[in-house]
Amino acid sequence: MRPLWANVFRWAALSSLVIAIQWSSGAYQSETGGSPDEAAHIVSGLMMRDYFSSGWGRGPIEFAADYYLHYPKVAVGHWPPVFYLEQAVWTRVFPTSRASLLVMMALQGGLLAALLWPFLRARYGSLSAWLGILVLLTLPGLAPLGGMIMTEIPIAVLILLAMFSWSRFLESGRAWPAIAFGLLSAAAILTKGTGAVLAGVPLLSVALAGSPKRLRSVWFWIPALIVVVTCGPWYLLAPGAMHERVAAYGGLGLATSRFNFPLGWADEFGWVIAVLALAGLTILLYRRVMGSAVDDLMVSAAALGVTATVFPMLVGAWEPRHLVEVAPAFLLLAAVGVGWIASWPLPNLSARASSAVLVLVAVGTIAWNVSFLRRQEPLGYRQLSARIVASPLGPARTILISGDSVAEGALISETALREPHPARYIVRGTKLFADIEWMGKVKNLRVTSAAEVQALLSSLPFDLIVVDRSAPAPYAYQSQLLQALAEHPEYWRDADGGDPRFSIFRRVAEGPEISSSQIEASLKAVLAPPVP
């Protein structure tokens, strides 16, 4: 039992470190301001939770469409369901709050490091293993994502486990490691499509390992069958699962202009790890050419590092941060580079002195990484949402929020966290006044003047309108919206929002009670479907 408790303690300690990093970056005091995707991930998870709580008997697509009408940040379909199932389970047991979800993320970050530790220890010793996983948790690309509700770290855990399983198959040729690789690959792909980076690992690793006999084993091909059978139905049948909304940014096809090696490595891992990983990859390739035996785990890491670097050239919507999903593989490659440097016959350098140099370099790398950790500043939407839900601003069944995608998502996600079962309707300015692509590009403006804005507002039963003024207006219609609100005091009264970053207006005239079905009918009549 001692090894088990030691592993649990290590996981707890590393998770606590991630929580400390989160806290120091301001993650627990801020909202979803790090990425527009974060609010969509939170709301999608809450929608899944609400479906399991109260949606039985309704079709999932019908339920999701209704939930989207209340909280228009649902993105299940564009992204697959595993991450949202995970959130749904978590929030059924633990509090429904962003802080609670951040702890969930911290546990997965700690798990990622804890899983890597024994493999580093077996090859390089305890000191190097500890230094390696501490560097991993502070990498420039990984540390910020640990403070957001994003998919990269959960996928990284699955990819790491898949890499371990495949290396064991290379070593033994047995069935269970191959089956485990297939199941873990499917889980990664059903967490986010970027899990497909594992697709290139089998063939490339066999080539690097010099083990063509593995190609003759039926178990080599079984993982591909598992992935097709498991993931195929979702990607073929779920609306939007083929990423139609970002198709304009490039599907499959060769585009060398998107190849940013080695800058992409350096941006996500820092120059120290990037250079050491390149050295490690070069050494492994040299050993293979020279006919030397190569560690199967390092072969799998090298194959994963190469495929993760090549994929951006093949898929236009691939983003640099997706490299974080294979960060442990790059750390293993960097460890090979460190081992090679440590083997140099340096004069007058004892083993203790070598260890001291290693510690200094690792600590310096960690300190450098942490010094560039971006602080998440509060946007004010947590307090605003609390006031809306508590009703000091008056009844607010139907709310318009106008700002950029981060601002709109922040209000929606903060409100949804307080009311997971929708109690009000929130409308986004980016959906009401314009046709805007997934990545923020305006395809068409539906209004061109303050008069047209007011005509559109008068056709909808808004109780409250929130305009984010903390940054320059992201779209032309926002100034027209403010003009319309100011020119028609007979319809809209400036409310005291308690925060100068927002302009908040309440409807003046109290009309007859409007039913939910009437609200929904009026919203559906004017809101456009998502732009592909």
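First, the ground rules. The model is predicted, so local features need pLDDT of at least 70, side-chain atom pairs count only at pLDDT 80 or more, and totals for chains, interfaces and linings use all residues. Residues are numbered from 1 along each chain as its sequence is written, and side-chain values use heavy atoms, with hydrogens and water left out.

Now confidence. pLDDT is the predictor's confidence in each residue, from 0 to 100. The protein chain averages 88, and 92% of the residues score at least 70. Among its elements, helix α9 (residues 175-189) has the highest mean, 97. Strand β4 (residues 442-445) has the lowest, 82.

Next, the whole chain. We have 21 helices and 7 strands. Those are DSSP runs, numbered from the N terminus: helices are H or I, at least four residues, and strands are E, at least two. The radius of gyration is 26 Å, close to the 24 Å from the globule rule for 532 residues, so the chain is as compact as a globular protein of that length. That radius is taken over C-alpha atoms, and the rule is 2.2 Å times the number of residues to the power 0.38. The C-alpha trace spans about 85 × 50 × 50 Å along its principal axes.

What share of the 532 residues is buried? The figure is 52%. Buried means under 20% relative accessible area, exposed means over 50%, and partly exposed is in between (1.4 Å probe, protein chains only).

Contacts next. Contact means heavy atoms within 4.5 Å. Take the contacts with a separation of 6 or more: 80% of them join residues 24 or more positions apart.

Now find Gly146. Look in the loop between α7 (142-145) and α8 (152-172). Is Gly146 buried or exposed? Gly146 counts as buried, because its relative accessibility is 5%. Leaving aside neighbours within four places in sequence, Gly146 touches Gln22, Leu102, Met105 and Ile153. Gln22 is 124 residues away along the chain, yet the two C-alpha atoms are separated by 6.9 Å.

Compare Ala199, in the loop between α9 and α10 (201-209). Ala199 is exposed, because its relative accessible area is 61%.

Last stop: Leu4, in helix α1 (residues 2-24). Leu4 is partly exposed, because its relative accessible area is 46%.
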